[in-house]
Amino acid sequence: MLRIENLTKMYPSLTAVDSLNLEVEAGDIMGFIGPNGAGKTTTIRMISTLLQATSGRIYINGMDITEHTEEVRSLIGYMPDFFGLYEDVKVWEYLDFFASAYKLPKEKRLPTIKDVLELTDLSAKYEAMVSELSRGMQQRLCLAKTILHDPKLLLLDEPASGLDPRARIEICELLKELRRMGKTILISSHILPELADFCNKIAVIEQGRLVVSGDVEEIMRKCRGGLVLKIRLAERVPEAISLLKTTEFVSEVTTDEEGSVMATYIGEDGTQHNVLQSLVSNGFKVIGFEEARVDLQDVFMQVTKGLVS
Amino acid sequence: MNNYKSFLASTFDTYIQDNPIVIRDLRTRMRGLGAFGLLISYLLLVSIVICIVFYVITDWGAATGITATKRIGSAMFIGLAWTQTIVLMIVIPGVISAAVSKEYEKKTIEMVALSRLNSFVFVFGKLVSALLYCLVLVISTLPLAGICLMFGGISPEEIAVTYLLTIVFCFMMCTVGLYLSTVVGKTTGAGLLFYTFNWFYLMQTGFVIAQIITRGSIKTWSALMIPANAAHSGMESATVCGVSIPLAIITVVVQLLTGVVLLYASAARVRHWRSERAEVLRILLLISFVVWATLGLGDSAFRTIFASSSGTSSSAAPMMVFGYLALLASIVATGPLRKPHGQSMMSYLFTAKNLLKPEMSGALTYVTVISLLTYMAASAAFYFNAGSGSLDPTYWSAALEQLMLVLAAVWLAASTGVLFSALFRSRTVAVIMSQVVVTVVGMIYYGQYAYRFLGPSFFNGYTVGRTDWPDHVGIIVTSCLCFAISAACLALTDNALQKFGGVTE
């Protein structure tokens, strides 16, 4: 769906994006993460055709965006980090404006507006003035506008920034719904735990360069050096740790703040039951055995140096 | 016929009826009390002025014992036309200056640019919504014009011509505001610039009127650029290339052409869209310069106003085209220099392949072509207007010298624009610097003219010695100086580009 080849954006005093290569398959939800000033917004703006690249190519649905700008623009839905709204119109008028701008047939405009308002939970605000909406509602309205023309690729730049926890959860729920609808999404965000909930891929960027990209679990495993198993025991934790340290394919054993044992398993995926078997056969009372939850924050801290370009 | 009708219907639908910009702008403009408040204040002001004129004239009639009914109608309508014109010059910047710049400031432009609207539909929508509001203001005063008509002294045709010129004036002014809003990008800056422009616009007309007063019964279309003047001389005609044409028609053509050029220029310059209309803009510029030179400089009134004391009728041509062509040249010949590897700078700038492309490639060919055609149109108009019998014997040699001067001035502006495009990152800085050079050279050139015309007594306080160069020596020396500077600029461009990088976007 999206392919970026050697993308570079240079300004007189800095290189914002440096030879970036990235691929997003149809149906992927890719989290685009990086510290402030890493080049995330610049990259997303170049993909959205609003900013011209100094060099490199971007292909959307197989089309070069510089050659097929008009076609590409109808395929993408872009939600910027800082967006402006026409505040002196009503909610339905705002969406009607964009429905007309996207050349939706006249008879389809009203039903489409009602559909996106329902999806974004703004139906009750149909006749309200845009200026009267809360920040969270405005964010959802902008998202409603972004999906109005049923784009295949959504480019969401910090969609949850500046929102209170409740509004943030609402936006996340909305994004999960979009994932269920089969949209391809490239999303940049600082709220890493929430990204982990619905992203199947991530790309980490720092100083304009891609540090790592790929499947979330794959990267996690690379960072941790294997699969991390979270084991909860009813008793004899120190003895269990000693046993695990001598177990085959277990490279590292620690405990977390709750007292659970965290064992890094470097054996083949699907053979981790051997660890459980070893514990049970040695008489340990295992009350919990699971793969540790993906923690993007750890990945992020590990792969980035905290530099700001 | 059906195809023609459906084409018209779909065009009307795209550009006006289903243009989201028109619908949204009209909704917001007419919502609330502001729009109606302005309309009522406007009508009140015009009515008050008409009442004042009525009482002044009737008082004067009572004092002198002269019954002046006819004078009352005419004077009231002149009062209406002037009030309307001045109020429109104040209102239009307020209505249009924020049109595009506010979209930049609020960052809404990005979302609109990503939709399927093209830049022309966008700026056209902005223009239509502003123009419709101005039309409401203009048409609302028609009943007052009817009252003036009842008093006599003014014909329905004169009222119709005045209103036609007022509407065309609104169109042109709205496109000026639209262009400034697009280019400046800040509402305050665009508004201030527009008010400054309006001031000079009024001053220029004042200059023409002063000429009319001092030189007798000279009637010129440029006086009608202020539509209020149509209230007393809207039915006059001028001889253009030996043909009598109503001044109002010349004014309408010039203003419509200017407006269309500015509309396309706005569409080509609005951010986040590809400037796909730049080629149309170049063709329109060329046409409008030629038409303007033919109609404007062919107008017998202009010939008389600007003819030099030596009696050479062609001298008006470079006077008028010099400034505008140099301004155009310095804009066209500034921008990113994307010269392919291995091509020389001269062949890049003078190639005829990309004559109408919005690139620096072929820029000097374009300014040369437009200068030649404009000068030829102006000279032809003068020739036909003067009639071969009344031409000064030195006409042809003078015309050639002046053509050389025009080309020298245009190349100077263009080549300094090219050099500054290599020296500076910002195109705006390059254009301004190029304009400064052209202005300085122009001041030196016209300074020596002024010195000779005004005589040494005027400069007694200075230690400048008087030169007695005849006209043609001055022209040749100035032209050669301009050509030399141009050549030097172009020779330096390659090195400057390598060292400083030049204009980026």
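**Sheet, cores and chain contact in a predicted model**

Within strand 7 of chain A, A:Leu154 is the bridge partner of A:Gly77. The model is a predicted one, in which local features need pLDDT of at least 70 and side-chain atom pairs count only at pLDDT 80 or more, while totals for chains, interfaces and linings use all residues. Residues are numbered from 1 along each chain as its sequence is written, and chains are lettered from A and ligands numbered from 1 in the order in which they are written.

Strands (E, at least two residues) and helices (H or I, at least four) are DSSP runs numbered from the N terminus, and two strands pair if DSSP finds at least two bridges between them. Five bridges link strand 7 to strand 8 of chain A, again in parallel; here A:Leu156 has A:Ile187 of strand 8 as its bridge partner. These strands belong to an open sheet of six strands in chain A, with the order 6-7-8-3-9-10 and mixed pairing. Strand 6 (76-79) and strand 10 (209-215) of chain A stand at the edges with a single partner strand each, so one side of each has no neighbour in the sheet. From one strand to the next, the twist averages 15 degrees. Strand 9 (residues 201-206) and strand 10 of chain A run antiparallel and share six bridges, with A:Ala203 opposite A:Ser213 of strand 10.

Two helices of chain A pack on this sheet. Helix 1 (residues 40-47) touches strands 3, 7, 8 and 9 of chain A, and its direction makes about 150 degrees with that of strand 7. Helix 5 (residues 135-147) touches strands 6 and 7 of chain A, at about 165 degrees to the direction of strand 6. Axes are lines fitted to C-alpha atoms, for helices over the stretch in contact, and angles run from 0 to 180 degrees between N-to-C directions. Two residues are in contact if their C-beta atoms, placed from the backbone, lie within 7 Å.

A residue is buried if 20 or more other C-beta atoms lie within 10 Å of its own, exposed if 12 or fewer, and partly exposed in between. Eight of the eight residues of helix 1 of chain A are buried, so this helix is largely enclosed by the rest of the structure. Strand 7 of chain A is covered on both faces, with A:Leu153, A:Leu155 and A:Asp157 buried on one side and A:Leu154 and A:Leu156 on the other.

Chain B takes part in the largest nonpolar core, which has 203 residues, B:Cys174 and B:Val410 being those with the most contacts inside it. Such a core is a set of buried Ala, Val, Leu, Ile, Met, Phe, Trp, Tyr and Cys residues joined through C-beta atoms within 7 Å. Helix 9 (residues 156-184) of chain B gives the most to this core, with 15 residues. Both domain 1 (13-276) and domain 2 (292-505) of chain B contribute residues, so the core lies between them; the domain bounds come from an automatic or database domain assignment.

The two chains also meet, in a contact that takes 18 residues from chain B and 22 residues from chain A. On the side of chain B that touches chain A, helix 2 of chain B gives the most, with four residues.
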